[in-house]
Amino acid sequence: MARQNAPRSMVGVWIERDVAAPDAAVASDAAVASDATAGWSARCVDPAAGWLRLDDAGVTRGDGVFETLLYRRGRIRSVGEHLARMERSAEALALEIPPADVWERAIALGLEAFLAQDADSNASHEEAEPDGEPEASIRCVATRGAPGTGAACFVTLSPVPARDPDPKPIKVLTLDRGYDSGAAQRAPWLLLGAKTLSYAVNVAALTYAKSQGADDAIFVTSDGLVLDGLTASVVAAYRSTEEPGRIVVRTPGVETGGLAGTTVAAIAEAAKAHGWAVESVPMRPADLLAADALWLASSVRMLRPVSHVDGVEVSMDPELHEVLSHTLEQTL
């Protein structure tokens, strides 16, 4: 009988200012990556060993930033874009975090440990492994830390569940985010456009959406401009009625406070590969209803087709979905 391997488990990497971690919490075979110039070091740790203090500001106040990346088909997608956005988010919070090369070294260290694990061959523990390669969700997190300690920084790598080749379309609600389209410029302290750990509003919005029979939600400004999904970017495709054969892919502009989605860049690349036009423009809920295909797009889940907005059915052009999702698969 063939041996069944253990399923992959989460891998943790702790980043610190060249201070050795307690031996008890460090994996016995943990590797260490140091960057003497930057003054930071990283090591693999037991993610269940309680590295964050109970008074860490990331826990008590949501004071921190994060990014989620995808390892797929032997490479980490959009590393530079994610880390640049994380740096911008940290700057908005006046939070000092390690430079990008330190994060990259920590990610590489964790990925090596993640890939060294045996993958489970049992379907009940199946992971998303196109062409036999495992996938990993990589989360980079930096908090303000506990009083007097400085930032707490770490990376986790977790297995990605097997993908549904034909994802079920979702229903979404549009929800008022509570500020108008000028708030991002008028009140930078609202941290609009920064990817922070303060996700209580997003969680509450998702809970409300589900209580209303929807699967997810899309935030809009108080004056009616589309921002983004709770954890994803909004992408819409239109067939031109004036120019037969012309297809336009639109995403909401980020000037009004939406998050600049890294997956949107990959989608734009995929769309342009087919000669489709790509626009980042102000959008309203009516524009979502008028789309020939509508999606929520994120780094790990990629394209999720939307079937209803506020209870109204939206067109789901199967050709547009097939072409864009297939090309995005190849791009990623």
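How much space lies in the largest pocket?

Modeller: This is a predicted model, in which local features need pLDDT of at least 70 and side-chain atom pairs count only at pLDDT 80 or more, while totals for chains, interfaces and linings use all residues. Residues are numbered from 1 along each chain as its sequence is written, and side-chain values use heavy atoms, without hydrogens or water.

The largest pocket holds about 1100 Å³ of space. A pocket is an open set of points on a 1 Å grid over the protein atoms alone, where a 1.4 Å probe fits, with protein on both sides within 12 Å along at least five of seven lines. Its volume is the space filled by probe spheres set on the points. Lining residues have an atom within 4 Å of a point.

In the largest pocket, 43 residues form the lining. Nearest its centre lie Phe66, Lys195, Tyr199, Leu230 and Thr231. Strand 4 (64–72), helix 2, strand 6 (136–143), strand 10 (226–229), helix 6 (262–272) and strand 14 (293–298) each give at least two residues to this lining. Helices (H or I, at least four residues) and strands (E, at least two) are DSSP runs. By class, the lining has 18 nonpolar, 18 polar and seven charged residues. Asp, Glu, Lys and Arg count as charged; Ala, Val, Leu, Ile, Met, Phe, Trp, Tyr, Cys and Pro as nonpolar; the others as polar.

Helix 2 packs on helix 3 (residues 100–116) at about 125°, with the axes 10 Å apart. Val79, Leu83 and Met86 of helix 2 meet Ala100, Trp103 and Glu104 of helix 3, contact being heavy atoms within 4.5 Å. This contact has five nonpolar, no polar and one charged residues.

Now the second largest pocket. About 610 Å³ of space lies there. Its lining has 24 residues, with Arg163, Asp164, Pro167, Arg301 and Leu303 nearest the centre. Strand 15 (302–309) and helix 8 (318–331) are the elements giving two or more residues. Helix 8 gives the most, with six. The lining divides into eleven nonpolar, three polar and ten charged residues.

Key
Axes are lines fitted to C-alpha atoms, for helices over the stretch in contact, and angles run from 0 to 180 degrees between N-to-C directions.
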